[in-house]
Amino acid sequence: VEQSDGTYKITGQKIFITSGDHDLTENIIHLVIARATDSPKGTKGISLFLVPKFVVKDDGTIGARNGISTGSIETKMGIKGSATCVLNFDEATGFMIGPKNKGLSQMFTMMNLERIVVGIQGLGISEIAYQNSLSYAKDRKQGKSNNNKSQNGNADSIIEHADIRKTLLNMKSIIEGERALCFWLSQQTEVSLNHNDQKIKQDASDMVSLMTPVVKSLFSDLGMEITSDAMQIFGGYGYTKDQGIEQLYRDNRITPIYEGTNSVQAADLVFRKLSNKNGSIINKFLDLVKFETDSNNEKVKPFIKEFNNNLDILKKFSEWITEKTEINKDDVSAAANDYLKTLGYISLAFVWIKILNVSFKDYGENKKFYDDKINTAKFYFDKVLPRAEQHYKSAITGSSNI
């Protein structure tokens, strides 16, 4: 309800609010979407409001408690260091931000950044799980590897076992690819915000739009795989609380749910992000990555050949999605997660080729470092990238059996 001084009295409830109430700071400022009494129904009537826990006086000092109370604190599986609350608003004083009834588009401005950040959170948790696993695998001795040369039956460090090495390289190749993709996405974001040429600016904006659900969903899903594998490397110790590995698994489990579940992200990708008023965004992406991975380096060419085979799969998959959107949307919905993962794994391959181009070019300067990058890239192409085709083959069976 609007007041005579231009503020609003806001009544309602917010749930699952991370750090919604605490005493770590003198004030908490809530962003709230709500409908003014004279606004239309549905999403067209939503406005964005700023609602402080304590009212701020004109001179900037903290005033009386606003009409916000904590209904309850959620009992969660993980992220226990953060209070997640139900908040009740009882005629709390709020200030409208931006134009009336434009709250949803404003919310998505913030939400798109949050989606990328959640993906990076999954990447960060994956990284620390990998670092711990690598360190433990070097110290922990158990069993004899296939190459054990001991005459008296001495055990090897578990990193000597082929399956453990494969697991660690799986983590490493995914994490390093994800980090590179984030750097590329950051560059695209900067261009989309600051470039003088409107076309280049729009093209970059389209790439950010396309990659946002990918980074959010793929990184958080693979964070579950990596933290689970980390727990497996630690064995029984990983399942106990002593080593801190199970906490990484629990803490990451929220990331596929945060800021729109990964299935919502996948639906957003296939129904809204593949094309817009500027044309086919996915075709623009296919052209861009093909151009950016072109190389005369003979050592990179085998990787590019395999990459181009996967681009053909992505092109066919994209055409299938476009066709099915007109015929049977359930086919598309059932395939959405598979499509996102196919696009995601191929995007990681794209940045691995960019890394390879640099690695082979600067090879003499830091041989050990670049050998490591080349070997990790080879592992990714051999062992991880084939997942992209598997998701495609599974998806195009359609939805009739659902």
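Predicted model: local features only at pLDDT ≥ 70, side-chain atom pairs only at ≥ 80, totals over all residues.
How are α8 and α11 oriented to each other, roughly parallel or roughly antiparallel?

**Figure 1. Helix α8 alongside helix α11.**
Here we're looking at α8, residues 301-327, next to α11, residues 386-395. Their axes come within 10 Å and cross at roughly 25 degrees. Angles under 35 degrees count as roughly parallel, and α8 and α11 are therefore roughly parallel to each other. As for handedness, the crossing of α8 past α11 is left-handed. On the α8 side, the residues at the meeting are Asn310, Ile313, Lys316, Phe317 and Trp320, and they face Ala388, Glu389, His391, Tyr392 and Ala395 in α11. Sort that contact by class and you get six nonpolar, two polar and two charged residues.

**Figure 2. Helix α2 packed on helix α3.**
This view puts α2 (residues 162-194) against α3, which spans 198-234. Two packed helices are described by the angle between their axes and the distance between the axes. For α2 and α3, the angle is about 160 degrees and the axes are 9 Å apart. That angle makes α2 roughly antiparallel to α3, since angles over 145 degrees get that label. The α2 and α3 helices cross in a left-handed way. The contact of α2 with α3 has 23 nonpolar residues, along with seven polar and four charged ones.

Is leucine 185 buried or exposed? With a relative accessibility of 2%, leucine 185 counts as buried, because the cut-off for buried is under 20%. Ignoring neighbours within four places in sequence, the residues in contact with leucine 185 are Ile116, Val208, Met211 and Val215. Take methionine 211: its C-alpha lies 7.4 Å from that of leucine 185, although the two are 26 residues apart in sequence.

**Figure 3. Helix α5 under cover.**
Helix α5 runs over residues 245-252 and is mostly covered, with six of its eight residues buried. Which residues of α5 are the buried ones? They are Ile245, Glu246, Leu248, Arg250, Asp251 and Asn252. The cover over these buried residues includes α1 (103-139), α3 (198-234) and α4 (236-239).

Strand β4 takes in residues 54-56 and strand β5 takes in residues 62-65. The β4 and β5 strands pair in the antiparallel sense, over two bridges. Across the pair, valine 56 stands opposite isoleucine 62 in β5. β4 and β5 form a hairpin with five residues between them. In the turn, glycine 60 has a positive phi of about 90 degrees.

Serine 19 is a residue other than glycine, yet its phi is positive, near 55 degrees. The loop between β1 (8-18) and β2 (29-35) is where serine 19 lies. With a relative accessible area of 31%, serine 19 is partly exposed. Isoleucine 79 isn't a glycine either, and its phi is positive, near 35 degrees. Isoleucine 79 lies in the loop between β6 (68-73) and β7 (84-97). With a relative accessible area of 16%, isoleucine 79 is buried, because it falls under the 20% cut-off.

Glycine 98 is in the loop between β7 and α1. Its relative accessible area is 44%, so glycine 98 is partly exposed.

**Figure 4. The whole protein, for context.**
Stepping back, the secondary structure comes to 11 helices and nine strands. The C-alpha atoms fill a box of roughly 85 × 55 × 50 Å along the principal axes. Of the 402 residues in the protein, 46% are buried. Among contacts between residues at least 6 apart in sequence, 68% join residues at least 24 apart.

Note on methods: Residues numbered from 1 in each chain as written. Heavy atoms only, no water. Pairing = 2+ DSSP bridges. Helix = DSSP H or I, 4+ residues; strand = E, 2+ residues; numbered from the N terminus. Buried < 20%, exposed > 50% of the residue type's maximum accessible area, 1.4 Å probe, protein only. Contact = heavy atoms within 4.5 Å. Axes fitted to C-alpha atoms, helices over the stretch in contact; angles between N-to-C directions. Parallel < 35°, antiparallel > 145°, perpendicular 65-115°, else oblique. Left-handed = near helix turned anticlockwise from the far one by under 90°. Nonpolar A, V, L, I, M, F, W, Y, C, P; charged D, E, K, R; others polar.
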